[in-house]
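Q: Got a multi-chain model here and want to go through its domains and contacts. Can we take it piece by piece?

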Amino acid sequence: MTKTINLNLKVWRQKGQNKKGRLETYKAVDISTDMSFLEMIDVINEQLTHKGKEPVAFDHDCREGICGMCGAVVNGRPHGPEMGTTLCQLHMRHFSDNDTIVIEPWRSRAFPVIKDLAVDRSALDKMIQAGGFISINTGGAQDANAIPVPQEAAELAMDAAACIGCGACVAACPNASPMLFVSAKVSQFALLPQGKPEAAKRAISMVREMDRLGFGNCTNERECEAECPKEISITNIARLNREYFKAGFLSAEK
Amino acid sequence: MNWLASTLLSSIGKKLMMAITGLCFCGFLAGHLAGNLTIYLGKDAFNSYAEHLHSLGPIITLVELGLLFSALVHILTGATLFYQNLKARPVRYSVNKSAGGRTLGSRTMPYTGFILLVFIVLHLINFHFIDKTDTTIYQIVHSAFANYVYVVIYVFAMIVAAIHISHGLWSAFQTLGANHVKYMPFIRGLSYVFSIIIVLGFGFLPIYLAYIA
Amino acid sequence: MQLDAKIPGGPLAEKWDRHRFELKLVNPANKRKFEIIVVGTGLAGGSASASLAELGYNVKTFCIQDSPRRAHSIAAQGGINAAKNYTNEGDSIWRLFYDTIKGGDFRAREANVYRLAQVSNNIIDQCVAQGVPFARDYGGLLANRSFGGAQVQRTFYARGQTGQQLLLGAYSALMRQVGTGKVKMFPRREMLDIVVINGKARGIVARNLITGEIETHTGDAVVLCTGGYGNVYFLSTNAMASNATAAFRAYKKGAYFANPCFTQIHPTCIPVHGDYQSKLTLMSESLRNDGRVWVPKNPEDKRRPHQVPESERDYYLENKYPSFGNLVPRDVASRNAKEQCDMGKGVGETGLAVYLDFEDAIKRDGKAAIEKKYGNLFQMYEKITAENPYETPMMIYPAIHYTMGGLWVDYNLMSTIDGLFVLGEANFSDHGANRLGASALMQGLADGYFVLPYTIGGYLTGTTLEEVTTGHSAFKESVTSVNDSIEKLLSINGNKTVDDFHKQLGHIMWDYCGMARNDEGLKKAKGMVQQLREEFRENVLVPGSKKDFNQSLERAGRVADFLEFGELMLTDAISRQESCGGHFNEAYQTEENEALRDDENFCHVSAWEFTGKDKEPVLNKEELKFENVELTQRSYK
C-alpha cells in the first residue's frame, strides 16, 4: 500500500567542471513510496524552482532502465542499494522514514562533473571508437543464416552485450577502472564468428585507449560486477585479458 | 614503443606481471614452507636441510636472483598501480559502501604488500644476511624466537601474508584469464585454503620454537 | 501546393529497383565534397550517419543525450520483422507488405510500404554481420517468433532488448566512422532551427546544452531523425527528452506536417499511480497470450481482486469479442479498457486500471511454465509496483507509445523543403494510421541503411548548391530568433513551472485526443490548449541562465513547442471525419464499435502547412492510390 515518508537529502551541488562543489541538505517531505528515485528528485526540483533556486542537474532519459543515461551514487552505492537496478528503477519503498540519503555524482578523473550530478562520460564513447565495432560497411553483408553461431556463444555474447554504458562499473570500482565496460564489448565480439577477424586489433586498441583516458587499473575487486545494473560478469574481464594476451603475444598486431 | 614493452606496460600488462610474479612467490612460499617443516623433525633434520640447500650452489643463486627480480617487478608495478589508481579518482566519495565484491584481502592489497616488504627486509636481516660461520641455522632461528617480540612480529606478518594471498592467488588466475564457471569456485576456495596453510604452517613455527621445542 | 510523392512508375515490385537505377549517382571522388547534417542518433539517425560516411560523405551528427547510444530506440523490446521466411511458413515480401498496409488501416503509401518489406531482409543480414546477438536455435541458426498478431513467425529478437541491440549495432558503425574522422559527432546539442537558403535546407542552429552557446552549422543537406511526439501527452512510454521541437521548427520553416492525429496507444502499460509520475512503462503485449483481462461487474467495487467472486467479474474482451478474446489488436484493447474505466469499473487506487489475471494460466500450465515465458516481465512489474503478479492480478492501463504522424516526405524521404530529409518515427510514411508490432525498428533501419544513402545522392547531383557560410543573413536571422525566444522564456519569471504546464497539456490531450475522440471534445480541447499556451507565455517560471547547463530551459523550449503542436494535432483530428487505426472518432464506428473508415473522402494524407504563429494551418492532401490491395474493414468478433 502507498505510504509517504520524509527524508533528509544531502545532494552534491557543483556549478561547473572546475568549480568547487559541496553537499547541500534538503528536506524531502511526503514522498510516496511508489515514486522512483528520480521522481523524488523531480519533486525536490519543483520545490527548488518555486523557491527561485536552481534545480539539481542530473542526467536521465528513458526511465525504464535501458538507456544508461541516469546514475548517481546513493549512500556510497552506484544506482543505490538494490542489486541489478538502475537509479530510475529504484523505488522509494526501499527507504525508511527519516533516512538520510547522500547523493553524489560518479567520481572518476575520466568522468569530469558537468554540473551537480551530471558527469561527462564521453570517455566511454572514445573507447568504442577505438575498436568497439565490426568493420563492415552497409550493404556488404551475406545472408544472416550463412554462418551458424552456437546457441551458447550467442547467449554469452548477449549477456555481455546487455551493457547499457551507464558507467556504474567505473563509479563502483575502487580504482575507477572501466574494465567491465571494455570487457563486455570485447567479449561480445570475441564470442561471435563475425568478430573474429578484428579480435586482436580490437583488444589492443580498446585497452590502449582505456589507458590513455586516465582511468585506473583493474585489481579484481569485483565491485563492478556487484553493482552492474545489468549484472554483467567479470568472466568477461578474464576473457578480455585472454584476448589481450593473445593479441599482444601471438598476433602480428602492434 | 616496442611491442613487448607496450604490451607489458599497459594496464592489463602490469596486472600480468603482478600475477606471474605473485604466482612465483606462492610457489616459493610452498617450497619454503615444505623445507621449514623439517624443524618439527628436530634440529638435525633442519640443519641438514639447510646444508643440502646451500650445497646446490649456483642453482640457489639463480633462484635468489629470480626472486629478487620478481620482487622488484612486483613492488615497482604494485607501487605504480597504487599511485595510478589513487590518481584515477581525484575527488573521493563522502560515503563509501561496498556492494559485496571487495574482501578484506582485496581492499588492503597495497598496505599488506607494504607490510610484507618491510617484513621481508627484516626477515632477510634476521636469517639471511647474518654471520653463519660459528653457528647453525637452527640456533639462529631458535635464539631469535626466544624473544617474544619476534614471535609476535612473525605471527603478525604471516597473518598479513595470508590476507594478501587470499586475494592475490585467485586474482592472479583471473588476470591470466583463467576464469571459468566450472573452475573458478575451486580456485577461489584454493586461495583461502592456501592462505590458511601459510598462516598455520609458517605462523606456528615461531610459537613452536619459542614455547614447545 | 500540389504534393508530389515522386512515386516511380512500373509494377509495385519493380519500383524501387527502377528508381535506384534512375537516380543519378554521385562520383565517389565527389562525395567527399559534400557535407551532410544528421540530427538524432536513434536507429534511423545512427544508421544513416554511418552509411553516409561509409560512402564518403562528410557527416556532422547531433544528438541531445550525452552519447549517441542513448536514443530511445534503445527501449524497444519485442523485435524486428523481416520477410526471410526462415520458418517455411509461406512468408514473403508481398505478405509482409500486405500485413503492414492493412495493419495501418490503408492510410500509407503502397510503394513506400512495399520497399520497406523489400529491404527488411537486408537489415537482418546487416545487423548479424555487425555482431548483433539475435536469439538462435540449438542448431545455431536465427530464431523467430510471432508477434503482434501476425500469422507467421517473422520477428527476429534479442531477448527483450531487441531495440537496444540494434541501436548498439548502428551506434558501433557510427562510432567507427567517428574514429575515422568521417563523422564529426556533436553530443548534448539540441537543434533549435533549420536554416533555409534559396528554398533549400542549408544548415541548422543548435544549442550546446552544456555551455548554452548557440552554434551554427552549414551543410549541403539536413537529415532529421528526431523521433516522435508522444510526449505531447506528458505521460507516455517515450523517454523524458523525446520531443517534437526539431520537427516542429522544420514545420515552421516550410516542411509540411502529415497526419499528426495518428497516435498509437499501447494497451498493456503499468498504470499511473500519482501526480508526481514522470513516465509510463510498457509491458510486452505478449502477456495477453495467457493473461485474462477483467474488471468487477459493479462500478465502484473497491474489494481486493481475490474477494471478487467469479460471478461478479466481467471478462469484457472475451464477452465482447468471442473469437479474438484477449488478443484483439492494440487499439481495440485500449479503447475497451478506457470504456470500462469511464463506467467506473476501473480498479486500483486511481480507478484507471484493469486486471490482467494469470490465475487460470498458472492453474492450467503451472507456475514454472508461466515463469519461463514471462519471468522477466513479472519481475519488472514487481520492481515497479511491489506486487507479485503470480499471486495478485497485474493492473494495466493503456498509454501513448508511438506516433505514426510526422513530417511529410516523398518517396525519397525528402520533405517539402528541398534538401531536408526526414527518417524514422519523425516522418509519417510507412505505418499509416496504426503501426504493427516489430515494425518500428524495421522502418528506422530501412530508412537509414538502405533508402536515404541512395536518394540523397539523387538530390545532391540534381541540384545546384551555391557556397554558403554561417555568416549568411539567414543564419544570423535564425540565431537572433532562437536567442529571442530563449530570453523570452527566461524573462517571464511567472508562478508555474514548465512541468506544471506540461502536465496540464498532457491531461487535455489525453482526455480529448487520446483513445477515443469526438468533435465536441476536440474543439473544446483546442480552446483549452490555446488558453494554456497564452498562460504559459505569461506565467511560466524558468530558473537559471541561458549560458549554462540548464535543464529547465531545455524543457521550457520543448513544452512551448508542444503547446503549439498540440493544437495542430487537434486541428488534424477535427478535420479527419472518419475513424481509422489510432484515430477513433466516436461518430464513426461500425455496429461492432470498430473504426469506420471513409475511403471515399479521407483516403488521403493530411499534410499541414504552417502559415504563421498562432494562425490556422492550411491543409494539403496527398491522395492515396491503392492499385495492388483491396481496402477492407477490420473485424475481430
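Q: What domains does the assignment give for chain A?
A: This is a predicted model. The assignment gives domain 1 (4-104) and domain 2 (122-250) in chain A.

Q: How far apart are the C-alpha centres of domain 1 and domain 2 of chain A?
A: Those centres lie 30 Å apart.

Q: And how many residues does each domain of chain A put into the contact?
A: Domain 1 of chain A gives 12 residues and domain 2 of chain A gives 10 residues. On the domain 1 side, they divide into seven polar, four nonpolar and one charged.

Q: Switching to chain C. How many residues are in its contact with chain A?
A: 65 residues come from chain C and 67 residues from chain A.

Q: Which helices of chain C supply at least two residues there?
A: The helices are H3 (43-55), H5 (110-129), H6 (162-180), H11 (367-385), H12 (440-461) and H16 (551-575) of chain C. H6(C) provides the largest share of that side, nine residues.

Q: Now chain B against chain A, how many residues from each?
A: Chain B contributes 37 residues and chain A contributes 41 residues.

Q: Which elements of chain B give two or more?
A: On the side touching chain A, they are helices H1 (3-9), H2 (11-36), H4 (58-87), H5 (104-128) and H7 (148-175) of chain B. The largest share, five residues, is from H2(B).

Notes
Residues numbered from 1 in each chain as written. Chains lettered and ligands numbered in written order. Predicted model: local features only at pLDDT ≥ 70, side-chain atom pairs only at ≥ 80, totals over all residues. Contact = placed C-beta atoms within 7 Å. Helix = DSSP H or I, 4+ residues; strand = E, 2+ residues; numbered from the N terminus. Domains from an automatic or database assignment. Nonpolar A, V, L, I, M, F, W, Y, C, P; charged D, E, K, R; others polar.
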